[in-house]
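Dear colleague,

Please find below the structure that I am passing on to you. My notes on it follow directly after.

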Amino acid sequence: MSFEAPIKAIGEKDLVAPKSTFKSITEAVSRVTENPAPMGWWIAFLTAFSFTGVLLGSIGYLFWNGVGVWGNNSPVGWAWDITNFVWWVGIGHAGTLISAVLFLFRQKWRTSINRFAEAMTIFAVICALIFPGIHVGRVWHAYYLAPIPNQMGIWPNFKSPLLWDVFAVSTYFTVSSLFWFVGLIPDLATLRDRAKNSLRRMVYGFLALGWRGSNRHWQNYERSYLILAALSTPLVLSVHSVVSFDFATSVEPGWHTTIFPPYFVAGAVFSGFAMVMTLLLIARSVFKLTDLVTITHVELMNKIMLATGSLVGYAYAMEFFVAWYSGNEYERYVFINRATGPYAWAYWIMITCNVISPQLFWSKRLRTNIPLSFVVSIFINIGMWFERFVIIVTSLHRDFIPSSWGYFHPTLVDITTYLGSLGLFFTLFLLFLRWVPMIAIAELKSILPEADPHHGEHHDEAHEGDSHGEPALATTAEGH
Amino acid sequence: MSVETTTVSVPEGRPALLLAEYETPGACMKAAAKLRDAGFTKFDTHTPFPVHGMDAAMGMGDSKLGWIVLVMGITGLMTGIALITYANGIDYPIIVGGKPAISIPAYVPVCFELTILLSAFGAVFGMFGLNQLPRHHHPIFESDRFKAATDDKFFVSVEYADPKFDADRTPELVASTHPNHIEIIEDTES
């Protein structure tokens, strides 16, 4: 099964609607950035932008008054801040999985959705990076996160998973951004060459770096893309593993488990695919891209959600089993308390959304149903937020002695900060939809049957069924 | 199919490129193979997407990018080891959790991330270096038809600087590969 083989030969269905041509793909994708934005875009953008303002206001208020404006208090020292951080980082993972892992596995169907998913990764990681930065309390000491000695000459502790996390997430952000930009260069050149006014020509021209589609460039370009995919694959697996080390290396019951790295990675992919699905179904109907993002894409993504959702469900069960099997009474208590204690509501929301709802996708009829896919993707987004909340808050809220027991109540600022981060995410995303080709134009063209240099030859053979033997020579009259 | 020949650009410039436009990737690739067989070295194809088999048709060797990435990756790994050893082992040793100041297992995550980070820099900026990008000014952009190279047309360009280039015979050779259109592009710099 070579990557060069035509789609039909490897038994895949058409990945874009039949009759799509190079020109129609350029048109369909570019026109979104060229035509005036639909009214719906403006409504969504102004709403999201207002919430970005709410985020900035909440952060300003936090900086002015200190972390006391949040509900975090002993014994629950980490709450929504870290829940939001882990949730956002996790969402980012689907983008890298689609762009890198599926690329290495030669899954050509990813082509329609990878640009989109990579953009989502970058914006989700931006939202994630805010939270560790603002939760440190004395923000003027935020530079302690970086490997810089402080005023007493003491360096950060390189044995701490919190420092590993800084390296993992910032590397992830940088590499994802580079990967995204490299993928964009040929498409920015397409927009440059279509530009009707000089401002567009200058801005897209500047960003396209003078790309001229040269095959001597494509060779290095494709190698660069392949290497970036090969680098991103272990990177994405490492990022959520390192995030899970923040918990797993502590001696806190409920956190101190070896299952965390794979469990976090599976959950990250699960939540990320759900977010891609949510966004894609909206963009597909608003911008009328049903020819390029077909029901096959929806179905395949639902299958991945079914697989990762089942992995997550297995991890929940295994955690419970190991807690019992360990014989450690604190560990056992934490898990029984999760399912039956004061946070049982959160636990059962998590189980319903993450374990039960994706099981609907065993049915082909349900996983090709667009409204249902949308609803389930929202359920999974909610469920995965609750997963992180359950892991963090239920493990902390009852410390070893009952005098250190408490119950976490979010404050208004907790809520506005979280909603504000959603606002920032959607603001960036809507700007992306409007100004950047949201589907990889060059890549999508390369999977059309016409992109195969021997296309004409097969074509002739198929039509003149009796002329087998010598393959017909392709002629330039092929340009229909 | 008739081949029209047009010349663009200012008359006093010297000719830089012969540019031929094709309708399909297959036709473009056959033309490239013909130029390769005729011994040309300074020619290129311009396509909206990478065409598989074109590297062989143009007689190109393999990309050298992997070596750049390897060197950068090793640099990243060494940087990680040096940074941690110096910071926590030499400059200000701190004992945490009873572990030695220089504790190799704890190096793994940071060294891994720095290896990936610098390799990625190598893959991206190395690619820019090998391709000599950004380059916003190139004679080929003088052609209006060339705008379709990022849309749905396929181009072959031959440099006048190629030792095999002959002002009469080369256009004939290119015309024999059935392009839609041929034009001569003149260098407006100088």
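A residue is called buried here if 20 or more other C-beta atoms lie within 10 Å of its own. The model is a predicted one, and by this criterion 42% of the 190 residues of chain B count as buried.

I begin with the fold of chain B. Its secondary structure consists of 5 helices and 5 strands, and these follow one another along the sequence as β-β-α-β-α-α-α-β-α-β. The radius of gyration of chain B is 25 Å, well over the 16 Å that the globule rule gives for 190 residues, so chain B is more spread out than a compact globule. Along the principal axes, the C-alpha trace of chain B spans about 85 × 35 × 30 Å. As for how chain B is held together in sequence terms, consider its contacts between residues at least 6 apart: 82% of these join residues at least 24 apart.

I turn next to the contact between the two chains. Chain A contributes 62 residues to it and chain B 63 residues. On the side of chain A that touches chain B, at least two residues come from each of the helices α1 (22-34), α5 (161-194), α7 (215-248), α15 (441-446) and α16 (455-463). Of these, α7(A) gives the most, with 16 residues. Sorted by class, this side of chain A has 28 nonpolar, 23 polar and 11 charged residues.

With kind regards

Technical notes: Residues numbered from 1 in each chain as written. Chains lettered and ligands numbered in written order. Predicted model: local features only at pLDDT ≥ 70, side-chain atom pairs only at ≥ 80, totals over all residues. Helix = DSSP H or I, 4+ residues; strand = E, 2+ residues; numbered from the N terminus. Rg over C-alpha atoms; globule rule 2.2 N^0.38 Å. Buried ≥ 20, exposed ≤ 12 C-beta atoms within 10 Å, placed from the backbone. Contact = placed C-beta atoms within 7 Å. Nonpolar A, V, L, I, M, F, W, Y, C, P; charged D, E, K, R; others polar.
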